[in-house]
Amino acid sequence: MNDHILEMRGITKRFPGVIALQDVTLAVRRGEVHAICGENGAGKSTLMKVLSGVYPHGDYEGDIVLDGKTVEFRGIRDSEAEGVVIIHQELALSPYLSIAENIFLGNEQLSSRGVVDWNRTNARAADLLRQVGLTERPDTRVMDIGVGKQQLVEIAKALSKEVKLLILDEPTAALNDEDSAHLLGLIRGLRDRGITSIIISHKLNEIEAIADSTTIIRDGRTIETLEMHGAEPVSEERIIRGMVGRSLDNRFPEHTPSIGAEVLRIEDWTVHHPVDQSRLVVDGASITVNRGEIVGLAGLMGAGRTELAMSVFGRSYGSRISGRVFKDGKPVHLHTVDQAIKSGLAYATEDRKHYGLNLIDTVQHNVSAAALDKLSRGGVVDRRQEGTVAERFRKDLNIKTHTVQAFVGKLSGGNQQKVVLSKWIYADPDVLILDEPTRGIDVGAKYEIYTIINKLAEQGKGVLVISSELPELLGICDRIYTLSQGRVTGEVPRAEATQERLMQYMTMEKDGKAS
Amino acid sequence: MSVDMNTTPNLPAGERARVPLSQRLGGLGGNARQYGIFGALVVIILLFQVLTDGKLLLANNVASLFQQNAYVMILAIGMVMVIVAGHIDLSVGSVVAFVGGIVALSMRDLDLPWAVAILIGLAAGALVGAWQGFWVAYIGIPAFIVTLAGMLVFRGLALVLVGETVAGLPPEFISIAGGSLPNVLGFVGNADVVTLVIGAVAFLALAFTQVRARQSMRKHNLHAEPVGVFITKLVLVALGIGALTVILSFSAGGTPIVLVIVGVLVVVYSFLMGRTVFGRHIYAIGGNRAAAALSGVSTKRVDFWIFVNIGVLAAVAAIVTTSRAGAAIAAAGQNYELDAIAACFIGGAAVTGGIGRISGAIVGALIMGVLNMGLSIMAVDPAWQQAIKGLVLLLAVAFDLLNKRRAGTR
Ligand SMILES: Nc1ncnc2c1ncn2[C@@H]1O[C@H](COP(=O)(O)OP(=O)(O)OP(=O)(O)O)[C@@H](O)[C@H]1O
Ligand SMILES: [Mg+2]
């Protein structure tokens, strides 16, 4: 009965100064959905890169047995030839190419004369898109569709390669609940067609819902493999216990708000699309944040939450911006990021790779990047003090790296996110706007981050949290605004907030009716 | 969080020994690369020392090595900053000719003192840089295009100004490139004492700053390299500086003036890039422009000043070049941009920006210079010299890339 499609035995992978994986074993049965759980930096992504040939044979120790025979992949082409396809944590689509071109990138559909056969390309792409439930035309450019759909294009691409074993590294991290549900449904469908999947996720409710078995990795070692449908069903708490080595009693820390004076007021804020200047993105939004208060901003994908935040933050987004901003009751003009920072605002982005970090520089330099003024005299940086600061954040936020001199690009996804947060906490703003602050962060570290947010509020700062995870907003916020199609459609105090009520406001159409 | 989250693998001694040396060296971060370039320079020097029967390191050859290649080093300093910020400057060769013409004409036709002419030249360089910086930073035209245009524009203007040559320049001006520091302290044997003193001071200053940096790193529990590596490094540096000093002290003039100019520029610009907020901003912009902008870096202003800066450095190179030729020549500076760019890439700068160091660019320039010198002493046909230099550029970068890939740091 134990028909294993894959066995990884004694896998050890070293990086300079770090052992990322140590004697890891993983056994995946044919036709199951196998989840991998573990804290940030546990080695999940690295294990999958070993499996898919990103780290070629010889770069690691141990054996990979696929379908009963030992394989030695020299690269990703080798693994794909064997039906192993990986979809990385950071999506790898080419934004300017069409969906069809992306699907067949590196696998172009040629006619008998050796040139690209566009009819076949588009026809086959359309067929694949149908299989993943996408209604988009194959010649749509990838940059014009949302992340959720891009994730589906990745899967269509995998299907085009006759995939036997599909690896998904945090596929739902950037998706809202609806898109996530669709994706999980799709993975179930693939399982019914006999395709085995390995899925990495920090959203444990999804794991509970979809996985047949779960392997837990901690500090580069296999801890255990849990049967999800065994005699006793496996709860989220059980997975957490494996991941962190103890139980976590509460997902959200206690927080008694002590709300002070208004610190930020945005009035009648209107923003247009940066290219298509006639398109409204934010439509007359007004919100306030008080000192000591944690305010949530809920909304579906494309509701304009990030756009609102970024346009306020030194006009970093949009065109034809109008409206008023008041800081501590006084009107301010924030035309550049520098002005916004000097006025006491900070914006921690949701897209750390593109807007948050300099991946080819060190942790230390990234942490200090927004507040070099504080660390320099006469334009000369005090590197000692800078090092001390970075070291402090490494400890406080538990950033997993052997030194703050390490390059940020070498950190695991969740630890990169902690570097973004460090940068803005160190800037010491009065108002901190956090855009998806816990994206890709493990359960234990989430708790840490909530604790930090609480502490910031207790210090009298105003915090504005944008999040696609409603339980998170309900768990930490004192007040929640909902945004729909660029308009503020609701404002709900903590006591009255429920998931249903927020959803109702979040889906409200322009004419005021719930859709 | 619980303790076990904190454990970056703390390996037992036996485990640590199994980590390959290349990987452990890789743990030193960017430094390992830097050592590689220095190693390559040493290898090339030794190679040509053998191939030329010991002529390469004759005192007068070493002095003229610096005099011949000063312009590349000066331009490479500016160029590496431009490249780190993610741009390129193709115009420096033409700017050298143009500014050279201005300097020469101010002396010959306007009868201005040479010092004033130099200031005018530097100001002209700054203006040229401001012109190109304006288009790049504030209008948003890619630097490749702006400086390609600049290459044509300033070559044209140089032709208009200079005609063919402007000669008859004052001797003080001529001695900038060819002259040496006066040997006011006399000789020990045949060795110029001024040179020896400069060498000793340079080493002591370097050793002092290194020791202090190390001390402060240890005081703050930051990762410092092991004592062994540190001392070896200091000894090697002492040997290098010592050898150079002694050799130069026996040359006809002692320390070339251009070496002093280059030395000062290297110190100042290394400090600027490594220690100041401005330098940080350059690396931040090159590494991720959008993230830098969202961290409050005024990307346009930084871009602008980088171009003003390379304009000024091109003017310095123009002064050296004009002085060396004894005249302003409209065709001067041909291909200088390529020499400077090659030096930067040999020295480890990344084509995509964000990575590169002043010291690397200087070593890159020296590698090209030694190659030039060695091949000339061996009387290799200039046509072949050019081909060989091209191949060295390619191989140097390929070697660097493969090295990085093997260390698993892709
Ligand atoms: N190229 C690399 N060079 C050096 N260290 C690396 C490299 N890639 C990963 N690491 C290290 O290996 C460890 C495991 O990283 P990995 O990305 O596999 O974690 P993860 O479990 O996927 O975490 P997350 O949930 O945050 O994505 C981390 O400590 C990370 O810093
Ligand atoms: Mg990962």
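## Salt bridges in chain A

Glu227(A) and Arg29(A) join their side chains in a salt bridge, at 3.3 Å from N to O. This pair links distant parts of the chain. Glu227(A) sits in strand S10 (residues 221-227) of chain A, and Arg29(A) in strand S2 (residues 18-29) of chain A. They are 198 residues apart. Glu227(A) is partly exposed, with 39% relative accessibility. The model is predicted.

A salt bridge also connects Asp219(A) and Lys400(A), whose closest N and O atoms lie 2.9 Å apart. Asp219(A) is in the loop between strand S9 (213-218) and S10 of chain A, while Lys400(A) is in the loop between helix H13 (383-396) and helix H14 (413-426) of chain A, so the pair ties together parts 181 residues apart in sequence. Asp219(A) counts as partly exposed at 21% relative accessibility. Lys400(A), at 14%, counts as buried because the cut-off is under 20%.

## Network and total

Salt bridges link Asp3(A), Arg30(A), Asp67(A) and Lys164(A) in a network. Over all chains, a search of the whole structure finds 41 salt bridges.

## A pair in chain B

Arg108(B) and Asp109(B) form a salt bridge; their closest N and O atoms are 2.9 Å apart. Arg108(B) is partly exposed, with a relative accessible area of 38%. Asp109(B) is partly exposed too, at 45% relative accessibility.

## Chain B overall

Chain B has 17 helices and four strands. Of its 410 residues, 47% are buried. Among contacts in chain B with a separation of 6 or more, 77% involve residues 24 or more positions apart. The chain exposes about 19,000 Å², and carbon and sulfur atoms supply 70% of that area.

Note on methods: Residues are numbered from 1 along each chain as its sequence is written. Chains are lettered from A and ligands numbered from 1 in the order in which they are written. This is a predicted model: local features need pLDDT of at least 70, side-chain atom pairs count only at pLDDT 80 or more; totals for chains, interfaces and linings use all residues. Side-chain values use heavy atoms; hydrogens and water are left out. Helices (H or I, at least four residues) and strands (E, at least two) are DSSP runs, numbered from the N terminus. Buried means under 20% relative accessible area, exposed over 50%, partly exposed in between (1.4 Å probe, protein chains only). Contact means heavy atoms within 4.5 Å. Accessible areas come from the Shrake-Rupley method with a 1.4 Å probe; for residues, only the protein chains shown count as cover. A salt bridge is a side-chain nitrogen of Lys or Arg within 4 Å of a carboxyl oxygen of Asp or Glu.
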